Amino acid sequence: MRSVGRYFNSPAGLGLFGIVAFGVMWHALSRSGLVNSTMLPSPAVVAESGWLLLTNGELLRHLSASIWRAEIGFFIGSALAILLGVATARLQLLDEMVNPLIQMFRAVPSLAFVPLAIFWLGVGETSKIFLIAWGVFFPVWVSTYIGVRDTNPLLARAAASLGAKGWRNLVFVVLPAALPLILAGLRVSLSVALVVLVAAELAGARFGVGYLIQVSQQVFRVDEMFVGLIALGVLGFAADFVFEQLVRLLFPWYRAERGTRSLRRERSDE
């Protein structure tokens with residue numbers, strides 16, 4: 001019993017309780033008669049539709065198409081953003097030339113480029129990957145730029161006194177110091193990639209979760225629309241979980257630093 005109580009006091013247990021409570025309230029509202037059950041199907045109806053889409057392979061086909069587009073666009077956009085963020089933070093001349101343009105483009109919502117991307121690149125995969133990369137680019141660029149620019153100069157001076165100059169200073173001092181902000185930008189961009197992905201698929205696609213939602217809306221299958229929405233939520237949660245595990249695996253010192261800060265915070269609260 002103690003182990004059960006300890007589990008429900010853990011973050012995982014509390015998260016599971018929140019999901020179950022939300023499902024119960026959703027079911028009660030759908031069956032209460034206050035709303036049209038066709039407009040708000042119960043979780044059981046949505047689960048049945050989801051299982052049917054899963055067993056006939058349609059849901060996996062849509063998910064695989066969306067995941068592939070999101071991965072390619074995310075990696076292209078984040079790689080370009082990190083490279084340009086480091087370059088603009090380190091080279092003043094390049095910063096003065098490029099920064100105004102980036103700030104202007106950053107103010108334009110990514111979804112506003114959907115019609116233009118389709119006009120330029122068609123309704124194929126290229127336009128969708130371009131839109132995702134475009135949406136991912138700006139949060140990662142901002143976090144990289146600020147992280148590299150605001151690195152404590154004392155760290156660079158200390159490293160230079162030990163012989164770490166030029167690219168060694170950048171790789172072994174500046175980038176590790178900017179890593180928390182860069183990772184924060186990458187994590188934010190995961191959700192941005194999914195938002196832009198759905199908009200791109202709604203504008204024209206043959207497969208994808210956004211396409212599934214659009215087709216379901218056209219035939220008035222609200223239950224399948226909910227299946228698509230839940231699939232996007234699960235996909236976003238899974239992407240965030242995988243990202244966090246990769247960070248812990250690739251940057252163990254970052255995890256140890258976070259643990260030290262949490263321990264200090266707990267002691268200060270006591």
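**Colour by confidence.** Begin with the whole protein chain coloured by pLDDT. The mean pLDDT of the chain is 81, and 83% of its residues reach 70 or more. Select α4 (58-90): among the elements of the chain, α4 has the highest mean pLDDT, at 92. Next select helix α12, residues 252-269, where the mean pLDDT is the lowest of the elements, at 52. Where pLDDT is low, predicted coordinates should not be read in detail.

**Select residues 114-121 and 125-149.** These are helices α6 and α7, respectively. A pair of packed helices is described by the angle between the axes and the distance between them. Here the axes come within 9 Å and cross at roughly 140 degrees, and the crossing is right-handed. Show side chains at the contact: V114, A117, I118 and L121 of α6 meet T126, S127, F130 and L131 of α7. By class, the residues of this contact are 6 nonpolar, 2 polar and no charged.

**Select F220.** Residue F220 sits in the loop between α10 (209-218) and α11. The phi of F220 is near 60 degrees, a positive value in a residue other than glycine.

**Select the largest pocket.** Its space amounts to about 790 Å³. To centre the view, pick F74, F75, L190, F243 and L246, which are the closest to the pocket centre of the 27 lining residues. Then display α4 (58-90), α9 (167-203) and α11 (222-250), the elements that each give two or more residues to the lining. Which element gives the most to the lining of the largest pocket? That element is α9, with 9 residues. Finally, colour the lining by residue class: 25 residues are nonpolar, 1 is polar and 1 is charged.

Definitions and conventions
Residues are numbered from 1 along each chain as its sequence is written. This is a predicted model: local features need pLDDT of at least 70, side-chain atom pairs count only at pLDDT 80 or more; totals for chains, interfaces and linings use all residues. Side-chain values use heavy atoms; hydrogens and water are left out. On a 1 Å grid over the protein atoms alone, a cavity is a set of points where a 1.4 Å probe fits but cannot get out, and a pocket is an open set with protein on both sides within 12 Å along at least five of seven lines; lining residues have an atom within 4 Å of a point. Grid points are joined across faces, edges and corners, and a volume is the space filled by probe spheres set on the points. Helices (H or I, at least four residues) and strands (E, at least two) are DSSP runs, numbered from the N terminus. Ala, Val, Leu, Ile, Met, Phe, Trp, Tyr, Cys and Pro count as nonpolar, Asp, Glu, Lys and Arg as charged, and the others, Gly among them, as polar. Axes are lines fitted to C-alpha atoms, for helices over the stretch in contact, and angles run from 0 to 180 degrees between N-to-C directions. A crossing is left-handed if the near helix is turned anticlockwise from the far one by less than a right angle, and right-handed if clockwise. Contact means heavy atoms within 4.5 Å. pLDDT is the predictor's confidence in each residue, from 0 to 100.
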